[in-house]
Amino acid sequence: MVMGLLVRAATVQVSAGAAGSAIDVATVEELLSDLTGVSVTSTNRLPRPAMALGVLFLIDSAMVDPVWFASRMQGLVLVPDPLWWLLGAIVSFYFGARYQVKGQAFQASLEVALARTPQVVRNIEADPRLAGR
């Protein structure tokens with residue numbers, strides 16, 4: 001996707017230079033819109049890997065420097081309970097919403113597959129090589 005944006009941007013520059021005119025404003029706006037979509041998609045993919053890498057870092061730091069790790073964990077004890085509840089709610093809503101969207105997309109794909117089932121059965125029955133199986 002990013003490579004496609006770069007190729008399109010280079011094409012716009014070459015065509016603008018060859019014609020000796022300014023770059024088309026609509027084309028620039030389209031490129032910026034595509035680039036914004038890429039950055040939003042990239043940003044949406046960051047939280048889960050960041051959390052996983054953070055946990056791995058904590059495990060690793062506990063083994064490498066237990067005193068440093070213990071001092072950081074003592075600091076976490078001082079965080080008030082309402083802040084933990086807020087953090088839990090934010091994380092729950094983030095992953096819950098993602099789970100909901102993925103589940104709905106899966107159900108939609110199942111509906112499409114089930115709608116095709118009668119045609120698949122007819123195709124199998126019509127093919128003499130597959131009818132006896």
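Tyrosine 94 is partly exposed in this predicted model, with a relative accessible area of 29%, where partly exposed lies between buried, under 20% relative accessible area, and exposed, over 50% (1.4 Å probe, protein chains only). Phenylalanine 95 is also partly exposed, at a relative accessible area of 28%. The model is a predicted one, in which local features need pLDDT of at least 70 and side-chain atom pairs count only at pLDDT 80 or more, while totals for chains, interfaces and linings use all residues. Residues are numbered from 1 along each chain as its sequence is written, and side-chain values use heavy atoms, with hydrogens and water left out.

**Aromatic pairs**

- Across the whole structure, a search finds two aromatic pairs, a pair being rings of Phe, Tyr and Trp (its six-membered ring) with centres within 6.5 Å, called stacked if the planes are under 30 degrees apart, edge-to-face if over 60 and tilted for the rest.
- In one of these, the ring centres of phenylalanine 57 and tryptophan 68 are 6.1 Å apart and the planes stand at 80 degrees, so the pair is edge-to-face.
- Because phenylalanine 57 lies in helix 3 and tryptophan 68 in helix 4, this pair ties together parts that are 11 residues apart in sequence; helices here are DSSP runs (H or I, at least four residues), numbered from the N terminus.
- Tryptophan 68 is partly exposed, with a relative accessible area of 28%.
- Tyrosine 94 and phenylalanine 95 form an edge-to-face pair, with 4.9 Å from centre to centre and 80 degrees between the planes.

**Helix 3 and helix 4**

- The axes of helix 3 (residues 47-64) and helix 4 (residues 66-77) come within 5 Å and cross at roughly 125 degrees, the axes being lines fitted to C-alpha atoms over the stretch in contact, with angles from 0 to 180 degrees between N-to-C directions.
- That angle makes helix 3 oblique to helix 4, since under 35 degrees counts as roughly parallel, over 145 as roughly antiparallel, 65 to 115 as roughly perpendicular and the rest as oblique.
- Residues of helix 3 including Phe57, Leu58 and Ser61 meet residues of helix 4, among them Pro66, Trp68 and Phe69, where contact means heavy atoms within 4.5 Å.

**Serine 61**

- Serine 61 lies in helix 3 and is buried, with a relative accessible area of 8%.
- Leaving aside neighbours within four places in sequence, serine 61 is in contact with Pro66, Trp68 and Phe69.

**Confidence**

- The protein averages a pLDDT of 79, and 74% of the residues score at least 70, pLDDT being the predictor's confidence in each residue, from 0 to 100.

How values were computed. Helices (H or I, at least four residues) and strands (E, at least two) are DSSP runs, numbered from the N terminus.
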